[in-house]
Amino acid sequence: MASLNVGNLGEYLREQRRNAQLSLRQLADAAGVSNPYLSQIERGLRKPSAEVLQQVAKALRISAETLYVRAGILDAERDRDEVETRAVILADPTLTERQKQVLLQIYESFRKENGFEIARADTDDAQDTAAPGPRTADGSDAGPQQSAS
């Protein structure tokens, strides 16, 4: 089987998997893909879909966009600013995961409003982690929000 033109995606995935100290089988289980399929991706024999890359990225706790660029799904030059902006938000250690997701949702809504295509495959996931209701000073739920009428 000839190697597909997927850049250095396979090598990068293998490196990230090893950095995460995961076996091929562990990553395949965490990402919800088969062990042989993941092995073929790492060896450059298969070109995974954006959905599979998203699942792998989530399992490795890395940016899906980085994998999209390496797989040729996103144009590196055209989408570099968006990827960099998202990476900075995701890398900020002072923000909670919920805060990061809310910021990304706002960023994406502005891009969409301005006519830019949103190149994320996991947009729905961000909506699943939307900010819960108000919290009290100790971090517990403050109860249902009351709307002014």
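The protein chain holds 8 helices and 0 strands, where helices (H or I, at least four residues) and strands (E, at least two) are DSSP runs numbered from the N terminus. Read from the N terminus on, its elements follow the order α-α-α-α-α-α-α-α. Residues are numbered from 1 along each chain as its sequence is written, and side-chain values use heavy atoms, with hydrogens and water left out. Because the model is predicted, local features need pLDDT of at least 70 and side-chain atom pairs count only at pLDDT 80 or more, whereas totals for chains, interfaces and linings use all residues.

**Confidence**

- The protein chain has a mean pLDDT of 77, with 70% of its residues at 70 or more; pLDDT is the predictor's confidence in each residue, on a scale from 0 to 100.
- Confidence in the protein chain is highest in helix 2, at a mean of 96, and lowest in helix 8 (residues 123-128), at a mean of 40.
- The pLDDT is below 50 over residues 1-5, a stretch that has 10 contacts in the model beyond near neighbours in sequence, contact meaning heavy atoms within 4.5 Å.
- Residues 119-149 also have a pLDDT below 50, and this stretch has 37 contacts in the model beyond near neighbours in sequence.
- Where pLDDT is low, the predicted coordinates should not be read in detail.

- Of the 149 residues in the protein chain, 32% are buried, with buried meaning under 20% relative accessible area, exposed over 50% and partly exposed in between (1.4 Å probe, protein chains only).
- Among the contacts in the protein chain with a separation of 6 or more, 52% join residues 24 or more positions apart.

**Helix 2 with helix 4**

- Helix 2 (residues 24-31) and helix 4 (residues 50-60) have axes that come within 8 Å and cross at roughly 115 degrees, where axes are lines fitted to C-alpha atoms, for helices over the stretch in contact, and angles run from 0 to 180 degrees between N-to-C directions.
- The crossing of helix 2 and helix 4 is right-handed; a crossing is left-handed if the near helix is turned anticlockwise from the far one by less than a right angle, and right-handed if clockwise.
- Helix 2 contributes Leu 27, Ala 30 and Ala 31 to this contact, and helix 4 contributes Gln 55, Val 56, Ala 59 and Leu 60.
- By class, the contact of helix 2 with helix 4 has 6 nonpolar residues, 1 polar residue and no charged residues, where Ala, Val, Leu, Ile, Met, Phe, Trp, Tyr, Cys and Pro count as nonpolar, Asp, Glu, Lys and Arg as charged, and the others, Gly among them, as polar.

**Helix 2 with helix 3**

- The axes of helix 2 and helix 3 (residues 35-42) come within 9 Å and cross at roughly 110 degrees, and the two helices are therefore roughly perpendicular to each other.
- Angles under 35 degrees count as roughly parallel, over 145 as roughly antiparallel, 65 to 115 as roughly perpendicular and the rest as oblique.
- Leu 24, Arg 25, Leu 27 and Ala 28 of helix 2 meet Asn 35, Leu 38, Ser 39 and Glu 42 of helix 3, a contact with 4 nonpolar, 2 polar and 2 charged residues.

**Helix 1 with helix 5**

- The axes of helix 1 (residues 9-19) and helix 5 (residues 64-71) come within 9 Å and cross at roughly 150 degrees, which makes helix 1 roughly antiparallel to helix 5.
- In this contact, Leu 9, Tyr 12 and Leu 13 belong to helix 1, while Thr 66, Leu 67, Arg 70 and Ala 71 belong to helix 5.
- The contact of helix 1 with helix 5 has 5 nonpolar, 1 polar and 1 charged residues.

**Single residues**

- Gln 21, in the loop between helix 1 and helix 2, has a positive phi of about 55 degrees although it is not a glycine, and Gln 21 counts as exposed at 70% relative accessibility.
- Arg 61, in the loop between helix 4 and helix 5, is likewise a residue other than glycine with a positive phi, near 60 degrees, and Arg 61 is exposed with a relative accessible area of 78%.
- Leu 95 lies in the loop between helix 6 (76-91) and helix 7 (97-113), is partly exposed at 24% relative accessible area, and is in contact with Ile 89, Lys 100 and Leu 103 when its neighbours within four places in sequence are left aside.
- Val 69 is found in helix 5 and counts as partly exposed at 26% relative accessibility.
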